[in-house]
Amino acid sequence: MKISFAKPGLPTEGAIVVGVLEGRVLTATAGELDGKSGGTLTRAMNASRFEGKKDQTLMLVAPAGLELSRVVLVGLGAADKFDVKAAEALGGAAAAQLQGTGDTAAAIAVDAIDGSSLSAGDIAAHVALGARLRSYRFDKYMTKEKKEEKPALKKLTVLCEDASAAKRLFQPMESVANGVCLTRDLASEPANVIYPESLADQARKLADIGVDVEVLGEKQMRKLGMGALLGVGQGSDRESQLVVMQWNGAGDTDSKPIAFVGKGVTFDSGGISIKPSANMEDMKWDMGGAAVVIGLMKALAERKARVNAIGVVGLVENMPSGKAQRPGDVVTSMSGQTVEVINTDAEGRLVLADALWYTQDRFKPRFMINLATLTGAIIISLGSEYAGLFSNDDTLAQRIAAAGQAVGEPVWRMPLGEAYDKQLKSDIADMKNVGGREGGSITAAQFLKRFVNDVPWAHIDIAGVTWAKKDAATVPKGATAFGVRLLERLVAEHYEEK
Ligand code: BES
Ligand code: MN
Ligand code: ZN
């Protein structure tokens, strides 16, 4: 779907989407259409339950005399509550409606909204972003879907008085959307297609947009002493990989980088501590954290963010086999700390232990943020609305929480503390890899904390938010890419050169 911006004016083909404020107050273009059609829009509203409330939509066949297929009314809610998230939700709702109609072209008339603090250009850009994000689809393996079953929309024009401002504002947003879509694609792919080496190949493609990409194989990781990560991958026929991505966008090339680290378990069977078979297929997206880091690097590089950013992803497949790691095995991590592997299904923290240590050791970053589908326990705590946030740095934690709130990817801070850390005590090694059922997400975070060497750090447990079971305003069901928008916002807000 191609998105463009143009000055207001009734289109001569396809569908038109217009806004209606709460209380059935028509915005300018809606009013114009109502006038031209002898009050058809008003009659249609009065004959339905559509009141212009947020998230309401009403679809009409275009009244006679108009060269259009249909008119879609979308509720804007109250003008003074209409913010960027509402604009994105509107774009998303419109896109979802239009995907079902068979229209190949459509326009969204976004008029200035009296009483909203947003400019028309701002509204238009966010509407476009919402439409773009919601119309994402992963359908490459659907070979039998008929043409009339597929969304037909090819051209979406957002109408706005200040079309050039809207276009300018949308440009960086489009890069973010491209990052989000890459992340969703990677997480949606099955594990026979995306495995450590093929995921590393996907990351390598970022070289086209100026990202410096290095891939370490098992031999190099063994030399570095990454026994924790390698132990997880040793039961798999696929070779483990560590991908290091660098985007040097700061004018000051010496400026300390910021770093993002992702868990990339391309399939988590549990290993010898094998998972029950029900829903095991979900574990193809256990590389969701790595996919976010890769999508984020794409977004930052494509919009040429003025920052030095590092992305590191640890890629492994966790499988049972005659070569697999056993419960009770002791591994030595790159940090020198030893770990008793009580449960081979607590593998993500082992992968991150070496990825985090490597990142701080090599890059001495201003901070490290890791993302991981780390624990089922975080789903019990927070469901699929909030991701879990753990941090050793209050400023960093607050900034992350604020960025998440702003883009609709909310995080909830969870505690850390010595008492939890004690649960990791082992009788044979420096620690064990599980701390029992109580506070399972917290002890997992305590485990990671032992490998950050006191660098400002945050861990975002995205197990509950990486895959959506139902559609939301700007996120169709399936892979969400939760984290890309949040971290892109964090960077834009606090870590870019002005
Ligand atoms: N990848 C899983 C966590 C997960 C579960 C993510 C469900 C998404 C949905 C992780 O590797 C895991 O298996 N964690 C175990 C840890 C336990 C063995 C201490 C868990 O949460 O059960
Ligand atoms: Mn696991
Ligand atoms: Zn896992």
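Let's start with two neighbours: strand E15 (residues 387-391) and E16 run parallel to each other and pair over three bridges. Pairing here calls for at least two bridges found by DSSP between the two strands. Strands (E, at least two residues) and helices (H or I, at least four) are DSSP runs, numbered from the N terminus. The model is predicted, so local features need pLDDT of at least 70 and side-chain atom pairs count only at pLDDT 80 or more, while totals for chains, interfaces and linings use all residues. Residues are numbered from 1 along each chain as its sequence is written, and side-chain values use heavy atoms, with hydrogens and water left out.

**The eight-stranded sheet**
- E15 and E16 belong to an open sheet of eight strands with mixed pairing, in the order E8-E9-E11-E10-E14-E18-E15-E16.
- At the edges sit strand E8 (212-216) and strand E16 (411-413), each pairing on one side only.
- From one strand to the next, the twist averages 20°.
- Look for Leu389, which stands opposite Arg413 in E16.
- Helix H6 (residues 196-204) lies across E8, strand E9 (241-248), strand E10 (258-268) and strand E11 (308-318), and runs at about 10° to E9.
- That angle is taken between N-to-C directions, from 0 to 180 degrees, using axes fitted to C-alpha atoms (for helices, over the stretch in contact).

**The three-stranded sheet**
- Another open sheet has three strands in the order E12-E13-E17, again with mixed pairing.
- Its edge strands are strand E12 (329-332) and strand E17 (431-432), and each pairs on one side only.
- E12 and strand E13 (residues 338-341) pair in the antiparallel sense over four bridges, and Val330 stands opposite Glu340 in E13.

**Two domains**
- The protein splits into domain 1 (2-161) and domain 2 (176-494), with bounds from an automatic or database domain assignment.
- Taken over C-alpha atoms, the domain centres are 38 Å apart.
- Contact (heavy atoms within 4.5 Å) links 14 residues of domain 1 with 21 residues of domain 2.

**The second largest pocket**
- A pocket is an open set of points on a 1 Å grid over the protein atoms alone, where a 1.4 Å probe fits, with protein on both sides within 12 Å along at least five of seven lines; lining residues have an atom within 4 Å of a point.
- The second largest pocket is lined by 18 residues, and Arg137, Phe138, Asp139, Lys477 and Gly478 lie nearest its centre.
- Helix H5 (163-188) and strand E20 (478-479) are the elements giving two or more residues to this lining.
- Domain 1 and domain 2 each supply at least three of the lining residues.

Definitions and conventions:
Chains are lettered from A and ligands numbered from 1 in the order in which they are written.
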